[in-house]
Amino acid sequence: MATIAALVNERSVVIFSKNSCCMCHTIKTLISSFGANPTVYEIDEHPRGQQIEKELKGLGCKPSVPVVFIGQQLIGGANEIMTLHLQGQLVPLLLNSNAIWL
């Protein structure tokens, strides 16, 4: 879990993604649409991608992408992000982590 911790440290929003994943694209687009500038790691292109994917699965992330961290906290995958969005809780979460400003 050390690789994941190092990658999300001191970043407001981190998304682990794969280029071939349509849900990854959707989640990146959604979060960016609020004005956030997430740090995105495309694990299918990252030199330590297999290790990252193994750690994400170890955290209980199934499927392994997309995985979103906001304010260094694991939020989850597409289902969790969409649920937060539909419940009106995603924007406040982004605001509280200083990922966006109004």
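# Notebook: a walk through the fold

I started at leucine 94, which counts as buried because its relative accessibility is 0% (buried is under 20% relative accessible area, exposed over 50%, partly exposed in between, with a 1.4 Å probe and protein chains only). Before going on I noted that this is a predicted model, where local features need pLDDT of at least 70, side-chain atom pairs count only at pLDDT 80 or more, and totals for chains, interfaces and linings use all residues. Residues are numbered from 1 along each chain as its sequence is written, and side-chain values use heavy atoms, with hydrogens and water left out.

**Leucine 94, continued.** I placed leucine 94 in helix H5; helices (H or I, at least four residues) and strands (E, at least two) are DSSP runs, numbered from the N terminus. Which residues does leucine 94 touch, not counting those up to four places away in sequence? I found Val13, Ile31, Phe34, Ile70, Ala99 and Ile100, with contact meaning heavy atoms within 4.5 Å. I also checked phenylalanine 34 by C-alpha: it sits 60 residues from leucine 94 along the chain, and the two atoms are separated by 8.7 Å.

**Overall layout.** I stepped back and got five helices and four strands. Along the sequence the pattern reads α-β-α-β-α-β-β-α-α. The C-alpha trace spans about 35 × 25 × 20 Å along the principal axes. I then checked the radius of gyration, taken over C-alpha atoms, against the globule rule of 2.2 Å times the number of residues to the power 0.38. For 102 residues a compact globule would come out near 13 Å, and the protein has 13 Å, so the two agree.

**Burial, contacts and surface.** Buried residues are 43% of the 102. Taking contacts between residues at least 6 apart in sequence, I noted that 64% join residues at least 24 apart. The accessible surface is about 5,700 Å², and carbon and sulfur atoms hold 52% of that; areas come from the Shrake-Rupley method with a 1.4 Å probe, and for residues only the protein chains shown count as cover.

**Charges.** I counted Lys and Arg as positive and Asp and Glu as negative, leaving out His and the chain ends. Each charge is placed at NZ of Lys, CZ of Arg, CG of Asp or CD of Glu. The mean positions of the 7 positive and 7 negative charges are 5 Å apart.

**Strand S3 and its partners.** Next I looked at S3. Strand S3 (residues 67-70) pairs antiparallel with strand S4 (residues 73-76) over three bridges; two strands pair if DSSP finds at least two bridges between them. Phenylalanine 69 stands opposite leucine 74 in S4, and isoleucine 70 has glutamine 73 as its bridge partner there. The S3-S4 hairpin has two residues between the strands, and glycine 71 in it takes a positive phi near 60 degrees. Strand S1 (residues 13-17) also runs antiparallel to S3, joined by four bridges. One pair I picked out is phenylalanine 16 with valine 67 in S3. Are the faces of S3 buried or exposed? Both are covered, with Val67 and Phe69 buried on one side and Val68 and Ile70 buried on the other.

**Serine 17.** I followed S1 to serine 17, which lies in that strand. Serine 17 is buried because its relative accessible area is 0%. Leaving aside neighbours within four places in sequence, I listed Cys24, Lys28, Val40, Tyr41, Glu42, Ile43, Asp44 and Val65 as contacts of serine 17.

**Two cis peptide bonds.** Where is proline 63? I found proline 63 in the loop between helix H3 (49-58) and S3, and its bond with lysine 62 is cis, with omega about 0 degrees. Proline 66 is also in the loop between H3 and S3. A cis peptide bond joins valine 65 to proline 66, with omega about -5 degrees.

**Positive phi outside glycine.** Glutamate 10 has phi near 65 degrees, a positive value in a residue other than glycine. I located glutamate 10 in the loop between helix H1 (2-8) and S1, and it counts as exposed because its relative accessibility is 70%. Asparagine 98, also not a glycine, has a positive phi near 60 degrees. Asparagine 98 is in the segment after helix H5 (90-96). At 47% relative accessibility, asparagine 98 counts as partly exposed.
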